[in-house]
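Let's take a friendly walk through a structure together. Keep the viewer open, and we will stop at a few places along the chain.

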Amino acid sequence: MAVAIALLSTSTYAQQSVIEEVTVTAQKREQNMQDVSVAVSAFSGEAIDRMGFEEGLDITQQVPNMSFFAIFGEASSPSVSLRGVSLVNFSDSWESPVSIYVDDVYRGNPAGSAIQLFDLERVEVLRGPQGTIYGRNTTGGLVHYVSRKPTETFEANASVSVGSHNETIFQGAVSGPLTDGVRGRLALKRTKNDGWQTNTVDGSKLNETDSLGYRGQLEFDVGNTGLFLLNVHGSEADQASVGFSHMGYLDPDDLSQTCSIARIQNGECSSNTFGFTGAEAVNGNYDPEHVASGASGGLLTTIDTFGVSGNYTMDLTDNIVLTSVTAYEELDKFLQDDGDGTAVIWFDEQYGVDAEQYTQELRLNGSHLDSNWVAGLYLYKDDRGLLTQAPTTADAEVFGGYFHEEIVSLKSESWALFGQYEWDIAPQWTAIVGARFTEEERDFSQRSPVSFYTPRVEGDGDLSESALTGRVGLDWRPREGMLAYANISTGFKSGGFSGSYNASQAALEPVGSEDAINYEIGLKTSWADGRFRLNAAAYRYDIEDFQSQVFLTVATGSVITNAGDVTGVGAEFEFTAQVTENFELIAGLGLLDTEFSSDQVFNVAGDVYTLDGNELPSAPETNTNLVARYYIGLEEAGELALQLDYSWQADHFLQIENDPYSHHDSYGLANAKISWHSLTGTYTVEAFVNNLTDEEYYTYQNTLGADWGYGVWGKPRTYGAKFAWNM
């Protein structure tokens, strides 16, 4: 790359830079990201567009110690991992320890986190426990997507991209004044493609996608100091579910012997259960683009969301601002999968979710000459109905009906009082103290009209918990452009109930809360008039009673449990450099070591595993990210931008048991893009390639029997072109 850069001509300007000062609200007030004493990464909406991010999970490639794993593919219930902490189960009865927020509104159901990125002002990623001023108390961190707001003057933009698998993506927005004191904004995004997987059983496509996201906003001036923002939004996603890659564990030449992990993950091994290898299940085409499913009529995933929120702000005095955020969110999900990944109708199942959520936040922000403070009240109510059935609807008639069915109801209510005070105790020193009291109640019921378990798992349960969490910190600013800080913060994630494939009546007993404490020191610095910036953080966290799902066998189901205590130690480095007028770099490094302390023992594929000493899943010891952009000025003809971005993660496990079948070797993903921008920035034309080297990797793995399991492939190489217009 350095040789190529040296051969390029230079430009006198770089109008499409992705390095910029980003204003964030990580502490519930607007601040420059470099002046916030927490580990936060942020991307502006312009940077998101220029870097080519399309889906909510794309940002994970460019944030240290951030990754994800997707059990049913990226479209449904992805689990975001920050510093190794993630939702280690696929039940829709749970909330993630890494919270997702959109425009100050918490999204409680994990299925609602696979959002499309469009018309955004910025994205913020906060790492570490959030147990003070954010809506839901979490132990891992949060991701906050902030949309662009209505504008005082008229503006509009639109883009169309085409790419692999007949993909077309259209997005557009229009904004401006409607009448005196009223402004509006409307944005939408539509994605369609034929799917990147082929079902080798019948030739049909899987992952075929037809999705729509929309957002309408009206902003009203209220009196002299008030502002009310009405936000109506939603999404519709229809697609054929991801196909699973079948894995046998036994040597086909000697079924009494277990294969090597490399051969298993290469599809070369067999099983007594099915009698053929993973490669034979897909007629020899063992790669991400070929999977097998015997489900009649294909596999279906539909996720529909709708929400409305009202955000009201008013200056009570010159120094005190009142904010009220009222929101309603609903989600309907239906998902089918083929767990065995073969033409055999053996482990084909489906899940349904009907969820409604209400939230209310009241907040006061104040400032004085030497202090800033925030205090508030947060209310949360969530009602979910869950349905699990096996086999799928399409195949139930083969068995004369379902052989397993669960009907679950879960009602949750929570309230919290919170506050944080920042006091400049000396010209260069600021002390921070915050606290939050949270109370949670959950009511759970399950009915099993049909079940292969004996006896059927049926019953009711309730849970009531409370916690006091908070933060103590000290900031030091020895000079302009430099911040050093030290924090101790705590977080709490309430308990709950298993809501899928319960194995025994004991599963109806509530799982207790998990509690985290995090010790962190950090440094944020810039020099050379902001051309170079280095942010670093080192931390240690301890989580008591970590919540996790452990899948035992098809016959005995799964259990969600307080699996043990977890210790994590690590560091993060983020570096940006405007090397020349024409060349800029963004680089990141994450270091992480996690370890379980547990006395729990589980049987996986006939082997006994203890969690003690294990590492967390999707928690590689090292991960790196890089973006390199070079600009070529074309004088009156505009500008060319050349971009190469890369992310790499060391070997890691995909299951909490750390069984060898879930071990994944290190791998890296590279993307490349060339774009032309008109002199005024009105027009942009791009060509791009994602997963440039066509890397084959898994986003998830699961063992379902003593001699077989499955994996979920990540996306192969794709390419395309995009035209954008901005007024």
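## A guided tour of the backbone and surface

Begin with P391, which sits in the loop between strand 24 (371-390) and helix 5 (393-396). Helices (H or I, at least four residues) and strands (E, at least two) are DSSP runs here, numbered from the N terminus. The peptide bond leading from A390 into P391 is cis, and its omega is near -5 degrees.

Before going on, please keep in mind that this is a predicted model, where local features need pLDDT of at least 70, side-chain atom pairs count only at pLDDT 80 or more, and totals for chains, interfaces and linings use all residues. Residues are numbered from 1 along each chain as its sequence is written, and side-chain values use heavy atoms, with hydrogens and water left out.

N65 is not a glycine, yet its phi is positive, at about 55 degrees. You will find N65 in the loop between helix 2 (45-51) and strand 4 (66-70). D529, also a residue other than glycine, has a positive phi near 55 degrees, and its loop runs between strand 29 (514-527) and strand 30 (532-553).

Is each of these residues buried or exposed? Buried means under 20% relative accessible area, exposed means over 50%, and partly exposed lies in between (1.4 Å probe, protein chains only). N65 has a relative accessible area of 4%, so N65 is buried. D529 is exposed because its relative accessible area is 85%.

Now move to strand 41 (residues 698-703), where 6 of 6 residues are buried. Strand 41 pairs with strand 42 (residues 708-713) in the antiparallel sense, over 5 bridges; two strands pair if DSSP finds at least two bridges between them. A hairpin of 4 residues connects strand 41 to strand 42. Within this pair, Y700 stands opposite V712 of strand 42.

Our last stop is on the surface. F154, V174, L186, Y683, V685, F723, W725 and M727 make up a nonpolar patch there, with about 760 Å² of accessible area together. Strand 40 (683-690) and strand 43 (718-726) are the elements that give two or more residues to this patch. Patch residues have over 30% relative accessible area and no salt bridge; like charges are joined within 9 Å, and nonpolar side chains (Val, Leu, Ile, Met, Phe, Trp, Tyr) within 5 Å. A salt bridge is a side-chain nitrogen of Lys or Arg within 4 Å of a carboxyl oxygen of Asp or Glu. Accessible areas come from the Shrake-Rupley method with a 1.4 Å probe, and for residues only the protein chains shown count as cover. V685 belongs to strand 40 and is partly exposed because its relative accessible area is 39%.
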